[in-house]
Amino acid sequence: MSLEVENPGVAESTNRLSLKRYDSLFGDAEKVSGAKYHGSEGSWSRTLHLAFQSVGIIYGDIGTSPLYVYSSTFPDGIRNNDDLLGVLSLIIYTLIVIPMLKYVFIVLYANDNGDGGTFALYSLISRYAKIRLIPNQQAEDAMVSNYSIEAPSSQLRRAQWLKQKLESSKAAKIALFTLTILGTSMVMGDGTLTPAISVLSAVSGIREKAPRLTQTEVVWISVAILFMLFSVQRFGTDKVGYTFAPIISVWFLLIAGTGMYNLVVHDIGVLRAVNPWYIVKYFKRNGKEGWVSLGGIILCVTGTEGMFADLGHFNIRAVQISFNGILFPSVALCYIGQAAYLRKFPENVGDTFYRSIPAPLFWPTFIVAILAAIIASQAMLSGAFAILSKALSLGCLPRVQVIHTSKQYEGQVYIPEVNFMMGLASIIVTIAFRTTTSIGNAYGICVVTTFSITTHLMTIVMLLIWKKHIIFVLLFYVVFGFTELIYLSSILSKFIQGGYLPFCFALVLMTLMATWHYVHVKRYWYELDHVVPTNEMTTLLEKNDVRRIPGVALLYTELVQGIPPVFPRLIKKIPSVHSIFVFMSIKHLPIPHVVPAERLLFRQVGPREHRMFRCVARYGYSDMLEEPKEFAGFLVDRLKMFIQEEIAFAQSKAENDETSSAAEVSEAQTRPRRSTQPAVHSEEATQPRVSSHSGRITFHANQTVEEEKQLIDREVERGVVYLMGEANVSAGPKSSILKVVVVNYIYTFLRKNLPEGHKALSIPKDQLLKVGITYEI
């Protein structure tokens, strides 16, 4: 009997009598429970433990903002002491509205199985609506335990209407993708500017004790620290929570204690700033200058996105406890104390933080400040690496090597090429801008743009997935969107004074990512249009007189259905195919993790005797790829399981066919016949069916599983070869000038200068065979 062969783009056939079809992963997959909601579960002791760890990982950036907020808000000095009350009131309510209300109590709940950040929101939306530009979705993807999708209720027409609009509108898909890569670009810019402004502001304090030190010397000291910071990234931060949390906790104690001291000693009257009326009076008194000063005030919430992006290490309740119980009181006290100090010494606004520290605490605070600045930079860099590694699954950049630096903390990754570029950019920014005020102008744009992108994506989540009432959705969008728009307009007024920098970063990064993704999508569609149907496999092999050679071959392809066009080219040039041949596809699902039991999805390609298979390896965007040797062993084990299930299925079907045939014969013998010919009794119905090819029997229904397993083991011992298509993509003859520039120059430059795919997959060179092919798109 013949086994089922793959049918491109079509799900498993259900026309199989009463038999139920199982995939190779079903046996283990059914044992995997769904992912638990990443919210408030767990004991209080564990939650408090996570809350303590979160202090060191996600609050370094926002916790070191008091180093430069007042100096950035008053770059030309304080003209009216009452302005301090207005600014302090703005700082307090900005901390309450954006980090506390928006992120801690709303946005954190939009996590994607525990992962947060802009990319996680995009992936969450893409599970509920098909908004991805590459059509590699399979029905089996939704069966993965972590997928946890619930279709929009038919009773809520708004959610269903939005889903249909997103899926049918190419413009909407492009807009969402653009927002996602813009957010990624801004996070990368944030990761570049955070070390520069944090380290420079911390080191500047040394001039209080060494007044002869020039600003140029301070800059070069900062550069030396930045160089060391980026140099040690490759070692990772394996015990990041335990190492950083105590230091940042000491930092919060110091700034809270200093703030309390300044409040009591200098002017306790600044507590009046809790009255928001001082904000109104501030804008009435200063007009346009007050609006411009918002660009400095917004720096008090830098690093807020980190609470959401790093949620995967903790849970929502832990972050809520650490923010409301540790961060907010400490930082608020620090700002209140600085305002009290400046009410008496307004001339010291340029270096408020260090001037307001009591003399006995200066050196301890200075040392902890530098450590806190380094930790803030480290946390932002780790977040940038993690977000970029997730963005790779979108096909925005070639597969670069992502090194996981920690076995305990899965989010700790390191990308050598990105680390070098960010380190170089950070050092250049520090040397070129020299002061925290200029860097702050650029820094604020990254922060507010990321806030705005999160607001827009969250609005879609509330409509499509949460299905909230339209009043709540409008309230969320208007309140937070309007607030962020005001801050963004203020920062853009400082475009010439440094605000242009993140736009340059974003423009370059988005151009590179959009170019790569555009060609990636076009190449995928080209291969899909030129795919060879799997039912023509036998004809294809016979036409080229293909010989079978010992060993196992894995041909990597983006396609998850059909035979890729590189395969006919391969057998035309080299008319031989390994005894076991697997079309290997690596696909990233829009979820953080895929459990190993559900990783591989097998299908038979062509007739059974060919022993050719398709394997789709499914990963979440936070999963790490296995080493080749480990992956090959895992694949072989799963292939054996698949063959075992195929044989079991074939035997069951054969028995079912025999029973049906016997029943038909019995009925034919007992009912009256019009024909005068005698009934023919054949033994074929009671014998196992066979299929033959070239005069040899290839598969018996009662073939033992052990024979197939032993055959696979023998072929693996003879060697595993990795085949990869080396595609040279060029613009078609009738392409526009823009398309020629994008495809023939920008994309080609990236392909030639960035790591090749086999290096990212760590494939040994002595086991690699590349097949060249040219695509005109």
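In this predicted model, strand β3, spanning residues 547-556, is paired in the parallel sense with strand β9, residues 720-730, over 5 bridges. Within this pairing, L555 is found opposite L723 of β9. As background, the strands of a sheet are joined through backbone hydrogen bonds, in either a parallel or an antiparallel arrangement.

The two strands belong to an open sheet of 6 strands whose order is β5-β6-β4-β3-β9-β10 and whose pairing is mixed. At its edges are β5 (600-604) and β10 (768-776), each of which pairs on one side only. On average, and with direction ignored, neighbouring strands of this sheet are turned by 25° against each other.

Helix α23, made up of residues 566-573, lies across β3, β4, β6, β9 and β10, and the helix runs at about 120° to β10. The strands that α23 lies across are listed below with their residue ranges.

| Strand | Residues |
|---|---|
| β3 | residues 547-556 |
| β4 | residues 576-589 |
| β6 | residues 612-620 |
| β9 | residues 720-730 |
| β10 | residues 768-776 |

A separate topic is the packing of two helices, α8 (residues 170-203) and α19 (residues 436-464), which meet at an angle of about 150° with their axes 8 Å apart. Because angles over 145 degrees count as roughly antiparallel, α8 and α19 are described as roughly antiparallel to each other. Their crossing is left-handed, and the contact of α8 with α19 comprises, by class, 17 nonpolar, 9 polar and 1 charged residues.

Note on methods:
Residues numbered from 1 in each chain as written. Predicted model: local features only at pLDDT ≥ 70, side-chain atom pairs only at ≥ 80, totals over all residues. Heavy atoms only, no water. Pairing = 2+ DSSP bridges. Helix = DSSP H or I, 4+ residues; strand = E, 2+ residues; numbered from the N terminus. Axes fitted to C-alpha atoms, helices over the stretch in contact; angles between N-to-C directions. Contact = heavy atoms within 4.5 Å. Parallel < 35°, antiparallel > 145°, perpendicular 65-115°, else oblique. Left-handed = near helix turned anticlockwise from the far one by under 90°. Nonpolar A, V, L, I, M, F, W, Y, C, P; charged D, E, K, R; others polar.
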